[in-house]
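Hi,

Here is the structure I said I would pass on. Have a look at it, and then read on for what turned up.

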Amino acid sequence: MKHTFPENFLWGGALSACQAEGAYNEDGKTLTVADVMKFDPTKDRKSKKHVEITMEMIEEAKKDPDTIKYPKRRGIDFYHTYKEDIALLAEMGFKVFRYSISWARVFPNGDDAKPNEKALQFYDRLIDECLKYNIEPLITISHFDMPVVLIEKFGGWYNRKLIDLYLNYCNVIFNRYKGKVKYWVTFNEINMSVRKSVKTLGIVNQGEDNYKEKVYQGLHHQFVAAAKATKLAHEIDPDNKIGSMVAFFTTYAYTCKPEDALQTHFDNQMKNLFFLDVLNKGEYPYYAKTFFDKNNIHIRMEKDDLDWIKSHPADFVGMSYYNSTVASSNPEKLEMTSGNVHSVHKNPYLPHNEWGWQIDPIGLRYTLNFVYDRYELPVFILENSSGFLDTLNEDKTVHDPYRIDFLRKHIEQMKLAIEDGVNVIGYTMWGPIDIISSGISEMEKRYGFIYVDQDNYGNGSKKRYKKDSFYWYQNVIKTNGEEL
């Protein structure tokens, strides 16, 4: 049995291009869905809602060059500060840095005959900067930044043509970074496709009666694309490791009533397991077929689609873990609270952060055991953290014991899961540098070990400052998780 973190455990952190990079219109890049998402200035944090993107919003944003109203356009200017930022990650001792490549930078028109060389040169420099410090680059190929041109020209992933366009994109970056990048994730939190379909699938709801069917059709195309990308990656470099990824919505029965247990089982199937079963076991499970029948969903498949999915499953299970929820056969009696992307039923036994997200460290151990038992594949925790309100003091320090407490408790549970026998290969906490939040595009919801002097409206010096948690995580990595 393992009683400690493996010697080669990959400690690090994760950012996305669409929240960090900025430079939204530099060096040929075109708009992504992230660039058309407005900041919500609502004061009540718990009432802020994730807004679904419409074609009208896209058209409005295309005519407006503003970067205050659309904060992800400016990000934290990582496009220009990456050397300084990666040096700070190296100072913490990072073994791995998860980052995404912007599809709209590499192929600004979606179906370009050749990739944008300026974009590839930027990612050349970024990856080389990581390798200079012996930091393993982990690249997410598509991370919540669907190119707007692919929505306008093709209707997003509902159109099967996107499989070939995605594979062309993959072919370019797999070859370009052969021998430099070993770990890849095909789609960030692929189960978000049925919750925030424009961010991930680019399928805009225009009032169709069969919109849900269009979403699952687009998701099927992503499943096929992931399988074909996995085969391609292995052919280009046999050392490549390709991961699936879901945002795992850990769910408990609200009571020990059998009806609540049954509802929990059903919720878990279509929130989490469907996506992982297809990507890691290579098949559409029976319960998904039942779900499709009940919802009058008919998926069009080509004759070899299922063979592709079956023959090329992922090499590891990637997941984000933020919070848990409860399920009940009488959900109308439960209190709601905010959660990752959508509101969840409140667990009376758990505390929560300023945004209402429940904090459940033990749920991470529970989830790791559950996932490893089902798939028997290495598990990579690709996101875990919580947003907090930080204060930059006059002496340019940030005291954040609440962040240390949150991460310590989760890492302790991760260590216990390893003692249970789970093969956890890495941990990239979310947002080691403060970035624009994904759902409501604000800056004050901070995750990082590194404070970025910028407010919700882009004001500030943009300078980076080390928080107390910076030094704590530095020691966690130095001691390989033995000193928490």
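Before the helices, a word on terms: axes are lines fitted to C-alpha atoms, for helices over the stretch in contact, and angles run from 0 to 180 degrees between N-to-C directions. Helices (H or I, at least four residues) and strands (E, at least two) are DSSP runs, numbered from the N terminus. You are looking at a predicted model, where local features need pLDDT of at least 70 and side-chain atom pairs count only at pLDDT 80 or more, while totals for chains, interfaces and linings use all residues. Residues are numbered from 1 along each chain as its sequence is written, and side-chain values use heavy atoms, with hydrogens and water left out.

Start with helix H3 (residues 78-92) and helix H5 (residues 117-132), whose axes lie 10 Å apart at an angle of about 10 degrees. In contact (heavy atoms within 4.5 Å) are Phe78, Tyr79, Tyr82, Lys83 and Ile86 from H3, with Phe122, Arg125, Leu126, Glu129 and Cys130 from H5. Seven of these residues are nonpolar, none polar and three charged (Ala, Val, Leu, Ile, Met, Phe, Trp, Tyr, Cys and Pro count as nonpolar, Asp, Glu, Lys and Arg as charged, and the others, Gly among them, as polar).

Now the salt bridges, meaning a side-chain nitrogen of Lys or Arg within 4 Å of a carboxyl oxygen of Asp or Glu. The count is 29.

One of them joins lysine 38 to glutamate 60, at 2.9 Å from N to O. Lysine 38 sits in the loop between helix H1 (17-20) and helix H2 (55-62), and glutamate 60 is in helix H2, 22 residues apart. Lysine 38 is partly exposed at 38% relative accessible area, and glutamate 60 is partly exposed at 37% (buried means under 20%, exposed over 50%, partly exposed in between, with a 1.4 Å probe and protein chains only).

Also in helix H2, glutamate 59 and lysine 62 are three residues apart, so about one helical turn separates them. Their closest N and O atoms are 3.7 Å apart in a salt bridge.

Further along, lysine 415 and glutamate 482 pair up at 3.4 Å, N to O. Lysine 415 belongs to helix H14 (residues 401-420), and glutamate 482 to the segment after helix H15 (468-478), 67 residues apart. Lysine 415 is buried at 17%, whereas glutamate 482 is partly exposed at 43%.

Finally, a network of salt bridges links Asp390, Asp400, Arg403, Asp434, Arg446 and Lys467.

Cheers
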